[in-house]
Amino acid sequence: MSEKILTTLALVPPGVVVSYGQLADLAGLPGRARYAGHCLKKTSEVVNWHRVLRSNGQIAFPENTLNYNLQCEKLKSEGVEVKNGRVNMKRFGWIPDTYTLLSVLKY
DNA sequence: CATCTGACCTAAT
DNA sequence: GATTAGGCCAGAT
């Protein structure tokens, strides 16, 4: 269950971001974005949780929190543009890398 | 057992 | 853009 989420997340390459919904989908749990988020919150394992955003590209934390800043920092260090706590990621207008990611993960 | 809450999403105002 | 309404589900109270 939650392992699915974590393993799927572990496959996300650097420089690529996914939303909770996408993550849940790829993990075989359609419509359970919330569950994905819950898993990340609950797990204490070291995973690349910083590559997970909301569907609109916004950071899932309130501003000026520790996690918020940390996530921004990590994303930037991976070459992801973060402006005003948000990543340029229009719905259905995914960056090409995401497509490759999808095709890889669909296996 | 009932209710709230939240690292959520989509569609329609 | 903003707001509302509905759906979703595991924990906490």
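I began with the classes: Ala, Val, Leu, Ile, Met, Phe, Trp, Tyr, Cys and Pro count as nonpolar, Asp, Glu, Lys and Arg as charged, and the others, Gly among them, as polar. The model is predicted, with local features needing pLDDT of at least 70, side-chain atom pairs counting only at pLDDT 80 or more, and totals for chains, interfaces and linings using all residues. Residues are numbered from 1 along each chain as its sequence is written, chains are lettered from A and ligands numbered from 1 in the order in which they are written, and side-chain values use heavy atoms, with hydrogens and water left out.

I took a residue as near a strand if one of its heavy atoms lies within 4 Å of it. The surface near DNA strand B has 6 nonpolar, 3 polar and 4 charged residues. Of these 13 residues, Tyr20, Arg34, Arg54, Ser55 and Ala60 come nearest. I then looked up polar contacts (pairs of N or O atoms within 3.5 Å). In the side chain of Arg34, an N or O atom is 2.4 Å from a base nitrogen of DNA strand B. A backbone N or O atom of Ser55 is 3.1 Å from a phosphate oxygen of DNA strand B.

Around DNA strand C I found Gly31, Arg32, Arg34, Tyr35, His38, Lys42 and Arg86. Sugar and phosphate make up 76% of the atoms of DNA strand C within 4 Å of the protein. I noted a polar side-chain atom of Lys42 at 3.2 Å from a phosphate oxygen of DNA strand C. For Arg34, a polar side-chain atom lies 3.5 Å from a base nitrogen of DNA strand C.

How values were computed. Polar contact = N/O pair within 3.5 Å; in protein donor to acceptor, adjacent residues only side chain to side chain.
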